[in-house]
Amino acid sequence: MSPTAAPVLAEIVRSGFTEGRHRGSLVVLDADGQVDWSLGDPSAPVFPRSSNKPMQAAAVLRAGLPLSGERLALAAASHSGEPFHLELAGRMIAEQGLSENDLLCPPDLPLDAVEAETYLAAGGVRARLTMNCSGKHAAMLAACRVNDWSTETYLDPGHPLQKLVVETVEEAAGEHVAHTGTDGCGAPLLAISLTGLARAFRSFALAAPESEQGRVAQAMRCHPEYVAGTRRPDTWLMREMPGALSKMGAEAVQAVALPDGRALAFKLEDGGIRALGPVLARTLRRMGVEAPVLDRVADVPLLGGGVPVGAVRATF
C-alpha cells in the first residue's frame, strides 16, 4: 500500500482538535463474493499477520491432526493469556509427550493487559506458553508428531507443514502468496491482498461443515473466547453476531465474514490497533449490519485527566 495514496480511515480527535489520522485500505465483498465497495488499494499485498491463523489451523487438519472444539479454536487463536488458554495449550503440548521448551514461539507476557498485570503480580515471567500464539504452535507441533515430521524445524518455510499452510492460504484466498516473511511468533508469514483475505474468510464462513475450513469455522464460532479472550472484540462479535467469523491481526489488520457470504478486510498502515474497532463498526454499519456490539467496539474514548476529552472515530 502506498502511504501517499491511502485514504484516511480514522482520526484522533482530542478536545475538538484533530491530532492524528490513520490511513489504510479496505474492501467489502457482497454475498456473491464480488467486490461491493472499497477504499484505498485492497489489491496490494499485505501481511495479514494473525488474520491468517484460521488458514494455518485448517492446514494442521489437512496434515491429519484430529482437532476439534476448544483445541481447534485455540489453534486459530491470538489468545489473551487467560488461565483457561494457558491450561489448554499446556495440555495440548503434554499430550504429545512434549514440553513448553519445544515451542519455538518467543517468551512473552499475556496479550491482555489485565491478565498481564495479574500474571506479573503472581510472580510470572515471560514464557513461551504465555505468548499469544502458543495454541497455534502447540497444534503445529502435534501435527508434526502425527506425521513423524521434525519438531525442531517446524517453522522452516520448507517444512512439510509450512508447505501445507501455503497451499491452504492460496486455495482460500484464490491467489498466490506474494511474499514470505517471518511473523512475530517466528512462523512463516504469507502476504496476500486484502481482497484475497476477505475471500478466504468468506470461504470459511460458507464451507461445508465436514471440510477443514468448515471445521475451523465451527470451532471459532462455538468457542470464540478461545480464539481471543473474554475482553476482546473478536470474541464479542462472534458471540453476539451468530454465524460471523472475526479475526484481527497485528499491525491493525481485521477480517470478518458474515454467514450470508459477505466479508470485509482492512489494514491501517501505521498499525494503529486502537482504530480497529471504529473502522470495523463503521464498515459493518455501511453494510447494513446493526448489533449492540458495534457500539461497544466503536467506543474508543481519549482521556485527559482521567475523563473523556475526545475519541478515535472513523471518517468514511
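Arg231 and Asp112 join their side chains in a salt bridge, with 3.1 Å from N to O. Arg231 belongs to the loop between α9 (224–227) and α10 (233–240) and Asp112 to the loop between α3 (83–94) and α4 (113–121), so the pair ties together parts that are 119 residues apart in sequence. This is a predicted model, in which local features need pLDDT of at least 70 and side-chain atom pairs count only at pLDDT 80 or more, while totals for chains, interfaces and linings use all residues. Residues are numbered from 1 along each chain as its sequence is written, and side-chain values use heavy atoms, with hydrogens and water left out.

**Salt bridges**

- Side chains of opposite charge can pair when their charged atoms come close.
- A salt bridge is a side-chain nitrogen of Lys or Arg within 4 Å of a carboxyl oxygen of Asp or Glu, and the whole structure holds 17 salt bridges.
- Arg231 is partly exposed at 35% relative accessibility, whereas Asp112 is buried at 9%; buried means under 20% relative accessible area, exposed over 50%, and partly exposed in between (1.4 Å probe, protein chains only).
- Arg285 forms a salt bridge with Glu290, and their closest N and O atoms are 3.4 Å apart.
- Glu290 is exposed, with a relative accessible area of 59%, while Arg285 is partly exposed, with 28%.
- Arg285 also meets Asp295 in a salt bridge of 2.5 Å, N to O.
- Because Arg285 lies in helix α11 (residues 276–286) and Asp295 in helix α12 (residues 292–298), this pair ties together parts that are 10 residues apart in sequence.
- Asp295 is partly exposed, its relative accessible area being 48%.

**Packing of helices α1 and α8**

- Helices (H or I, at least four residues) are DSSP runs, numbered from the N terminus.
- Helix α1 (residues 53–62) packs against helix α8 (residues 212–222) at an angle of about 125 degrees, and their axes are 9 Å apart.
- That angle makes α1 oblique to α8; angles under 35 degrees count as roughly parallel, over 145 as roughly antiparallel, 65 to 115 as roughly perpendicular and the rest as oblique.
- Axes are lines fitted to C-alpha atoms, for helices over the stretch in contact, and angles run from 0 to 180 degrees between N-to-C directions.
- Pro54, Ala57, Ala58, Leu61 and Arg62 in α1 are in contact with Glu212, Arg215, Val216 and Met220 in α8 (heavy atoms within 4.5 Å).

Technical notes. Helix = DSSP H or I, 4+ residues; strand = E, 2+ residues; numbered from the N terminus.
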